[in-house]
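Please examine the sequence and the structure shown below. The report that follows describes selected features of the fold, beginning with the backbone.

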Amino acid sequence: MVSVPRLVIAAPASNSGKTTVATGLMAAFAARGLAVSPHKVGPDYIDPGYHSLATGRPGRNLDAYMCGPDLVAPLFAHGAAGCDLAVVEGVMGLYDGASGQGELASTAQVAKLLKAPVVLVVDASSQSRSVAALVHGFASWDPQVRIGGVILNKVASDRHEALLRDALDESGLPVLGVIRRAPQVATPSRHLGLVPVAERQGDAVEAVRAMGERVRAGCDLEALMALARTAPALPDEPWTPAYAATAPAQGPRPVVAVAGGAAFTFAYAEHAELLTAAGAEVVVFDPLRDEKLPVGTAGLVIGGGFPEMYAPELSANEPLRRAVTELALSGAPVAAECAGLLYLARELDGKPMCGVLDAEARMSERLTLGYRQAVAVSDSPLAAAGTRMRGHEFHRTVLEPGAGPVPAWGMHQPERRVEGYVQRGVHASYLHTHWAASPEVARRFVEHCRAR
């Protein structure tokens, strides 16, 4: 049994203030000396960076589409082990999930899987008594979703607050916080959402501090903690990276270099944990700064991020580009997702990249976004032919051609197509995947690294 006080922070719609409230709650409770476990519903990589800054712990994703509903509670229990409180930031509106698939991957589904009370963040800027009808509708839509209270955001004045509270008195749900309308906390956005923490450094620290102060001043932290403690124990065993199979008792631990730094910020914490459990020595390097791969590199993982924002700097680091190219041409295992795919291309927005793939990448006006079902087209160090995985695409770039002579994946949703590249030891694709759902890919990757 896993017993951790917990809250799910949800909203009727996007842009209601979920990130500010969730991150602010994490920061406010952490400032009280509590060990706070941060979580995010869905595939988003950026918000967890702010959560991690607020709590000092890895931000972890709970995605019922990519990992399956059965893995949500075990992954939560793994991340929240030993913590005093867990705060889960929702995605989109409370009941919005994977397109055309009912409640799958919605905040409501995750709240039910975690048996967690929901705090509804309502943008009250353009309503008064109608707020009661809105809250009543969300609270009564699914009896299995327990909304334990409301936080009113963007409240204009004392008079406005009084009108809102009077209306909500009839709903039976307590007002757990009121946050006044004020200039937004400095969390700048661009084409894929908030600017990641790794790119803002001191500014991000100040933004998280400001969120914590705003929430502490406007919310009843004692009542919120009391609500969190009403969550019952979960019967699920915590997920463990040992599912990937641990390294042999004797034998080398191959070095797996993992790209990091400001250009490559998209990574799920479980990936490094799985590689380590499978027997690798994981070493992070920064393609913007490091001119060499880590000593002894036997395999390379290049995840997602914003290489398009750093194309000149990445291109200028010729020594590292040559090292990556030489490693890939040697047949070493290389797993590249999205930003990694672009980095391995011949060029990005006219700037020379590694040239491992005979393809050119450029920025596009079109946002490609959504869940995908995929099957591995051929054998690679990452996946055997026929391996089925679910993933997520999220980019505003175009790669031409989009698939090599041997594609990485055959896609089955939303349309049938092939995508990505498999050549020598390289597996490169736009598809983001969550290895916790298929830990055999980490074991397979490390075995190929060890065999070199």
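Ala105 is placed in the loop between β4 and α4; helices (H or I, at least four residues) and strands (E, at least two) are DSSP runs, numbered from the N terminus. The model is a predicted one, in which local features need pLDDT of at least 70 and side-chain atom pairs count only at pLDDT 80 or more, while totals for chains, interfaces and linings use all residues. Residues are numbered from 1 along each chain as its sequence is written, and side-chain values use heavy atoms, with hydrogens and water left out.

Most residues other than glycine have a negative phi, and most peptide bonds are trans. Ala105, however, has a positive phi, near 70 degrees. Its relative accessibility is 3%, so Ala105 counts as buried; buried means under 20% relative accessible area, exposed over 50%, and partly exposed in between (1.4 Å probe, protein chains only). Met92 also has a positive phi, near 50 degrees, and lies in the loop between β4 (85–89) and α4 (107–114). With a relative accessible area of 34%, Met92 is partly exposed. A cis peptide bond, with omega about -5 degrees, joins Glu400 and Pro401. Pro401 belongs to the loop between β17 (388–400) and β18 (409–411).

## The chain as a whole

The protein chain contains 14 helices and 22 strands. Its radius of gyration is 23 Å, close to the 22 Å that the globule rule gives for 452 residues, so the chain is as compact as a globular protein of that length. This radius is taken over C-alpha atoms, and the globule rule is 2.2 Å times the number of residues to the power 0.38.

Of the 452 residues in the protein chain, 58% are buried. Contact means heavy atoms within 4.5 Å. Among contacts between residues at least 6 apart in sequence, 75% join residues at least 24 apart.

## Helix α12

Helix α12 (residues 318–329) has 12 residues, which at 1.5 Å a residue should span 16 Å; its end C-alpha atoms are 16 Å apart, in agreement. The expected span is 1.5 Å times one less than the number of residues. The buried residues of α12 are Leu320, Arg321, Val324, Thr325, Leu327 and Ala328. Viewed down the axis of α12, these buried residues fall within an arc of 165 degrees, so they line one face of the helix. The arc is that of the directions from the helix axis to the C-beta atoms. After α12 comes Gly331, whose phi is positive, near 95 degrees.

## Two buried side chains

Trp435 lies in the loop between β22 (432–433) and α14 (440–450). Its relative accessible area is 3%, so Trp435 is buried. Leaving aside neighbours within four places in sequence, its contacts include His271, Val301, Glu337 and Met389. Trp435 and Met389 are 46 residues apart along the chain, and their C-alpha atoms are separated by 9.1 Å.

Arg60 is found in strand β3 (residues 60–62) and is buried at 8% relative accessibility. Not counting residues up to four places away in sequence, Arg60 touches residues including Glu270 and Glu273.

## Cysteines

How many disulfides does a search of the whole structure find? The search finds 0, where a disulfide is a pair of cysteine sulfur atoms within 2.5 Å. The sulfur of Cys67 is 18 Å from the closest cysteine sulfur, in Cys338, which is too far for a bond. For Cys83, the closest cysteine sulfur is in Cys67, 19 Å away and too far for a bond.
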